[in-house]
Amino acid sequence: LTARLSYDDVRAVLSAHCDYLADKGVASSATADDIGTELLLVPDDEPLAWILGRLESASVRLADEDVATVLAVEERYYRAIGAIGGQVEGPADPAPG
């Protein structure tokens, strides 16, 4: 994969993914107090199709499987840092002092 994709290619895929998330209302500059509690359901193939369309309209020519691989690696990274997945129990908030 790294022999086929440049840093700019990966950046284009990740940027398109951020645009997709913003378009769906998942990613925003809202603070935790401002976000809604609505459940958002997205078909499994929708993000990839949307991103491929965005890349094509920007004249970025990448193989579908390479884009899918970049997105899979991105998801593994988000899981590894705890950005997605089950809630992690942490220490209790300190009492106001």
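At what angle do helix H2 and helix H3 pack, and how far apart are their axes? In this predicted model, helix H2, residues 46-57, packs against helix H3, residues 64-80, at an angle of about 120 degrees, and their axes lie 11 Å apart. The two helices are therefore oblique to each other, and H2 passes H3 in a right-handed crossing.

Let me turn to the residues of this contact. H2 contributes Leu48, Ile51, Leu52 and Leu55, which meet Asp64, Val67, Ala68 and Leu71 of H3. Seven of the contact residues are nonpolar, none is polar and one is charged.

I now come to the charged pairs. Side chains of opposite charge can pair when their charged atoms come close. The structure holds five salt bridges, and I shall describe some of them.

Within helix H1, residues 7-24, Arg11 and Asp8 lie three residues apart, about one turn of the helix. Their side chains meet in a salt bridge with an N to O distance of 2.6 Å. Arg11 is exposed, at 52% relative accessible area, and Asp8 also counts as exposed, at 53%.

Which parts does the pair of Lys24 and Glu46 tie together? Their side chains form a salt bridge at 3.0 Å, N to O. Lys24 belongs to helix H1 and Glu46 to helix H2, so this pair ties together parts that are 22 residues apart in sequence. Lys24 is partly exposed at 32% relative accessibility, as is Glu46 at 24%.

Finally, in helix H3, Glu75 and Arg79 are four residues apart, about one helical turn. Their salt bridge spans 3.0 Å, N to O. Glu75 is partly exposed at 38%, and Arg79 is partly exposed at 47%.

Definitions and conventions. Residues are numbered from 1 along each chain as its sequence is written. This is a predicted model: local features need pLDDT of at least 70, side-chain atom pairs count only at pLDDT 80 or more; totals for chains, interfaces and linings use all residues. Side-chain values use heavy atoms; hydrogens and water are left out. Axes are lines fitted to C-alpha atoms, for helices over the stretch in contact, and angles run from 0 to 180 degrees between N-to-C directions. Angles under 35 degrees count as roughly parallel, over 145 as roughly antiparallel, 65 to 115 as roughly perpendicular and the rest as oblique. A crossing is left-handed if the near helix is turned anticlockwise from the far one by less than a right angle, and right-handed if clockwise. Contact means heavy atoms within 4.5 Å. Ala, Val, Leu, Ile, Met, Phe, Trp, Tyr, Cys and Pro count as nonpolar, Asp, Glu, Lys and Arg as charged, and the others, Gly among them, as polar. A salt bridge is a side-chain nitrogen of Lys or Arg within 4 Å of a carboxyl oxygen of Asp or Glu. Buried means under 20% relative accessible area, exposed over 50%, partly exposed in between (1.4 Å probe, protein chains only).
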